[in-house]
Structure formats: C-alpha cells, structure tokens
Amino acid sequence: MRPVIVFLFFTILFLSACNNNKTEKAASLNEPSASPGTDSSPVVTTSPLNGSWDLINITDLKIALSKLYPRQKPNLNFDLASGVLTGSTACNRFSAPVKIIDSSISIGELGMTKIACPGDGEQKFLEALKKTTTYALVDSVTLSLRKGDAEVMRFSRKQKVIL
C-alpha cells in the first residue's frame with residue numbers, strides 16, 4: 001500500500017508541474033513578441049550617481065551634524081537601473097522611486113519604517129530631501145543635492161570595504 005501512495009504522490013507532482021509549464025507557455029504566446037528595434041523600454045546606462053552616499057552637510061542647520069546624528073549619519077543609495085532610491089534617516093529606513101533627467105532629480109513618495117526617533121535629526125533630513133530638485137557631482141566622491149542652484153545637502157561616496 002505504501003509504494004502505491006508514493007507512486008501516486010510523485011505522479012500528481014509530475015502532472016502538476018507539466019500543467020504549470022503549459023500555462024506559462026500559453027501566457028507567453030499571448031504576450032506580444034518584441035521585434036528588434038521596437039523595444040520601448042529605456043536604455044539604462046551606468047550613472048556615476050549610482051551607489052551609496054553618506055551625509056556630510058545639511059546647509060540650513062544651526063547645530064553640528066555630529067550632535068544631530070551622534071551614532072549614525074543619514075545615507076542614500078541610488079539604483080538608477082531600477083529607478084529606486086533607498087537609504088536611512090539615521091533612524092528609519094526608506095525607499096522611493098527616483099527619476100533623473102539631466103541634472104534634475106525627482107524623488108517620489110517615501111515608504112518608511114516607523115521607529116520612534118529621538119531628536120529632530122530625521123525631520124531635518126527629510127525636509128531637506130523634499131526640497132531637492134537638482135543635483136551636481138562636485139567630483140567623483142562628492143554629491144551636492146540642490147534646490148535650483150542652492151545647495152541643500154552634501155554627501156560623500158561610501159567607500160567599499162575590501163576584505
């Protein structure tokens with residue numbers, strides 16, 4: 001009796017796998033095929049903006065950055081191939097869609113964790129981030145986020161640790 005149950009189990013497993021394969025093939029046949037030269041998806045190039053950046057300055061602060069963020073500074077991580085900006089406010093993690101056109105930057109609605117944060121460091125960082133409309137790479141390791149031509153925040157490229 002036991003070998004029969006094992007046989008039935010594997011037969012059902014095999015048939016369900018075959019059935020899923022047929023469903024996937026049928027779905028792919030119903031999708032329009034892409035012919036060369038008609039792909040409407042944008043071509044993504046590698047941008048020097050991609051990667052991780054640590055905050056080094058918020059322009060309008062009246063308090064030292066080290067006092068506002070005593071343990072950890074806010075950071076950004078750009079993944080322009082996916083059109084996503086992630087990062088940390090030094091307390092909560094966030095993610096948002098981001099669009100870069102020339103030197104303009106558009107950051108969409110932030111999705112964030114909801115940890116209660118001491119002080120007003122998170123609020124100051126988020127206010128500055130919301131003001132951002134343009135960016136400039138000062139050099140290969142310094143990023144300036146701006147509102148028009150006025151700098152709002154400055155970041156340094158996070159160095160990769162090689163072990």
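**Ground rules.** I am working with a predicted model, where local features need pLDDT of at least 70 and side-chain atom pairs count only at pLDDT 80 or more, while totals for chains, interfaces and linings use all residues. Residues are numbered from 1 along each chain as its sequence is written, and side-chain values use heavy atoms, with hydrogens and water left out.

**Overall make-up.** I counted three helices and nine strands, taking helices (H or I, at least four residues) and strands (E, at least two) as DSSP runs numbered from the N terminus. Along the sequence I read the pattern α-β-α-β-β-β-β-β-α-β-β-β. Of the 163 residues, 25% count as buried; buried means under 20% relative accessible area with a 1.4 Å probe, protein chains only. The protein exposes about 11,500 Å², and carbon and sulfur atoms supply 58% of that; the areas come from the Shrake-Rupley method with a 1.4 Å probe. I also looked up contacts (heavy atoms within 4.5 Å): among those between residues at least 6 apart in sequence, 45% join residues at least 24 apart.

**Strand β4.** Which strands pair with β4? I used the DSSP rule of at least two bridges between two strands. β3 (residues 84–88) joins β4 (residues 93–101) through five bridges, antiparallel. β5 (residues 104–107) is antiparallel to β4 too, with four bridges, and β6 (residues 111–112) runs antiparallel to β4 with two. I noted that Phe 94 of β4 is the bridge partner of Gly 87 and also stands opposite Met 112 in β6. On the β5 side, Ile 101 is partnered with Ser 104.

**The two turns.** The β3–β4 hairpin has four residues between its strands, and Ala 90 in the turn has a positive phi of about 85°. The hairpin of β4 and β5 has two residues between the strands, and there Asp 102 takes a positive phi near 55°.

**Nonpolar core.** I took a core as buried Ala, Val, Leu, Ile, Met, Phe, Trp, Tyr and Cys residues joined through side-chain atoms within 4.5 Å. The largest has 25 residues, and Leu 76, Phe 78, Phe 125, Leu 145, Met 153 and Phe 155 touch the most other members. Elements giving two or more residues to this core include β1 (51–58), β2 (75–79), β4 and β9 (150–157). Which element gives the most to this core? I found α3, with four residues.

**Met 153 up close.** Leaving aside neighbours within four places in sequence, I found Met 153 in contact with residues including Leu 55, Phe 125, Leu 129, Leu 143 and Leu 145.

Notes: Buried < 20%, exposed > 50% of the residue type's maximum accessible area, 1.4 Å probe, protein only.
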